[in-house]
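Please have the sequence and the structure open while reading.

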Amino acid sequence: MSSDLPDTVIVTGAASGIGLAIARHLVGSSVTVAGIDVDADGLARACDALGPPFHPFAGDLCDPAAAERLVAAAWDACGPISGLVNAAGIYPVTPLFDMAVAEWDAVLNLNLRAPFLMVQALGRRMADAGIGGSIVNIGSSASTLARPGIAHYGASKAGFSQLTRNLAIELAPLSIRVNAVAPGLIGTERVMAHAEGAGQAEHAAKVARIPLGRAGRPEELVDLVAYLLSQRASYVTGSILFVDGGLTLGIPNY
Ligand SMILES: NC(=O)c1ccc[n+]([C@@H]2O[C@H](COP(=O)([O-])OP(=O)(O)OC[C@H]3O[C@@H](n4cnc5c(N)ncnc54)[C@H](O)[C@@H]3O)[C@@H](O)[C@H]2O)c1
């Protein structure tokens with residue numbers, strides 16, 4: 001067990017991409033990880049790769065009953081849990097006039113409502129156990145940078161930023177800190193599959209706008225997430241930290 005990290009952390013979206021990278025980093029730091037994801041096969045692969053400190057909990061976080069059920073199962077299996085990373089998210093791109101209500105709802109339900117329900121379910125247990133805690137929300141540069149096709153995603157991530165701040169102020173008296181890490185373009189498997197397929201031109205245009213001139217790697221986020229989870233960040237709450245190669249600074253060239 002690491003001295004300044006929580007003994008056990010729930011990571012949502014742990015089957016792939018950023019969530020998986022965070023889970024891998026935490027397990028490497030001797031933290032027990034309860035990984036939640038809708039992708040049961042991906043969770044099984046994560047389990048094989050990360051070994052016994054990784055506990056899989058499969059479930060669909062768009063289901064409003066899922067957070068309570070999955071948190072209860074994780075708490076029962078792994079003991080008191082004082083860390084949470086909300087990383088599960090989807091980012092479909094659809095022009096405004098083609099955007100169906102079902103797609104809007106799916107994005108808002110997973111990206112915004114599910115983290116709220118996760119914090120309610122786990123925060124209540126942290127409060128009852130009197131153990132305090134640290135919550136890290138994986139936001140997005142899309143919380144401030146608008147672009148066509150992501151009306152639902154941009155709204156969900158902007159809401160997620162303000163949810164982070166509201167949770168931080170309400171949970172502070174319980175010694176539960178809440179912060180967000182807002183990535184820019186991160187070359188996860190899903191992003192790179194798109195970049196190397198139909199999304200080649202779109203990806204190149206995005207990279208051209210990044211002052212550091214490239215997409216980030218999931219591994220470039222994990223230290224910051226671990227820091228925020230840890231006691232080293234004991235006076236940090238309500239912060240939204242961009243890890244975006246400067247993308248949200250402005251226009252890098254003309
Ligand atoms: N990759 C990027 O460039 C980027 C940039 C900014 C923000 N983000 C954010 O980072 C987070 C992770 O993104 P990623 O790129 O790693 O994506 P990803 O698709 O690789 O990982 C997301 C995970 O969420 C899981 N998931 C999807 N729907 C779910 C549901 N209903 N219930 C439970 N789990 C579900 C998926 O199975 C997957 O394992 C998201 O919140 C995303 O908005 C990503």
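Which residue follows H4, and is its phi positive or negative? Glycine 130 comes after H4, and its phi is positive, near 65°.

## Basis of the model

This is a predicted model, in which local features need pLDDT of at least 70, side-chain atom pairs count only at pLDDT 80 or more, and totals for chains, interfaces and linings use all residues. Residues are numbered from 1 along each chain as its sequence is written, and side-chain values use heavy atoms, with hydrogens and water left out.

## Overall fold

The protein contains eight helices and seven strands (DSSP runs numbered from the N terminus: H or I of at least four residues for helices, E of at least two for strands). Its radius of gyration, taken over C-alpha atoms, is 17 Å, close to the 18 Å from the globule rule for 254 residues, so the protein is as compact as a globular protein of that length. The globule rule is 2.2 Å times the number of residues to the power 0.38. Along the principal axes, the C-alpha trace spans about 55 × 35 × 35 Å.

## Helix H4

Helix H4 covers residues 101-129, and its 29 residues should span 42 Å at 1.5 Å a residue; the end C-alpha atoms are 40 Å apart, which agrees. The expected span is 1.5 Å times one less than the number of residues.

H4 has a kink of about 40° centred on asparagine 109 (the angle between axes fitted to the seven residues ending there and the seven starting there).

## Ligand site

The ligand is surrounded by 29 residues, the closest being Asp37, Asp60, Tyr91, Tyr153 and Arg190 (a heavy atom within 4 Å). This shell divides into 15 nonpolar, nine polar and five charged residues (Ala, Val, Leu, Ile, Met, Phe, Trp, Tyr, Cys and Pro count as nonpolar, Asp, Glu, Lys and Arg as charged, the others as polar).

A side-chain N or O atom of arginine 190 is 2.4 Å from a ligand oxygen, and one of aspartate 60 is 2.7 Å from a ligand nitrogen.

Note on methods:
A polar contact is a pair of N or O atoms within 3.5 Å; within protein, one must be able to donate a hydrogen and the other to accept it, and residues adjacent in sequence count only if both atoms are side-chain atoms.
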